[in-house]
Amino acid sequence: MAADDPFSRLDDDDYPAYTMGRAAELLDTTQSFLRAVGEAGLITPLRSAGGHRRYSRDQLRIAARARELVDQGTPIEAACRIVILEDQLEEARRLNDTLRDSQLRDRATA
């Protein structure tokens with residue numbers, strides 16, 4: 001597909017393709033849950049020209065993880081904080097792996 005092909009956005013996990021109603025339906029939750037995870041800072045939906053919230057697939061995955069924790073009895077604010085910390089830990093591990101690999105390559109060529 002060409003870069004200017006409007007259908008190429010369909011493959012973009014960050015493209016805000018889902019309305020709040022559709023997102024809630026896909027997650028089998030309520031619109032108020034989506035507003036709550038937004039207010040907690042877990043996800044920040046984009047806004048359409050009319051001001052309506054729009055969600056990406058990536059945001060829906062994050063909200064789904066919070067929903068799992070809430071379903072297990074975790075308060076929503078705590079669930080959002082846990083998901084944020086999980087993401088930060090994963091990023092730190094990725095960075096650590098990259099630095100370790102770089103050091104190993106440097107030692108091998110020295």
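The buried residues of helix 4 (residues 76-109) are covered by elements that include helix 2 (31-39) and helix 3, where helices are DSSP runs of H or I with at least four residues and strands are runs of E with at least two, numbered from the N terminus. In this predicted model, local features need pLDDT of at least 70 and side-chain atom pairs count only at pLDDT 80 or more, while totals for chains, interfaces and linings use all residues. Residues are numbered from 1 along each chain as its sequence is written, and side-chain values use heavy atoms, with hydrogens and water left out.

In helix 4, Ala79, Cys80 and Val83 are buried, that is, under 20% relative accessible area with a 1.4 Å probe and protein chains only.

Helix 3 contributes Gln59, Leu60, Ile62, Ala63, Ala66, Arg67 and Leu69 as buried residues, and these pack against strand 1 (18-19), helix 1, helix 2, strand 3 (53-55) and helix 4. Just after helix 3, Gly73 takes a positive phi of about 105°.

Helix 1 (residues 20-27) and helix 3 (residues 57-71) pack at an angle of about 50°, their axes being 10 Å apart, with axes fitted to C-alpha atoms over the stretch in contact and angles running from 0 to 180 degrees between N-to-C directions. That angle makes helix 1 oblique to helix 3, since angles under 35 degrees count as roughly parallel, over 145 as roughly antiparallel, 65 to 115 as roughly perpendicular and the rest as oblique. The contact, meaning heavy atoms within 4.5 Å, is made by Ala23, Leu26 and Leu27 of helix 1 together with Leu60, Ala63, Ala64 and Arg67 of helix 3.

Technical notes. Buried < 20%, exposed > 50% of the residue type's maximum accessible area, 1.4 Å probe, protein only.
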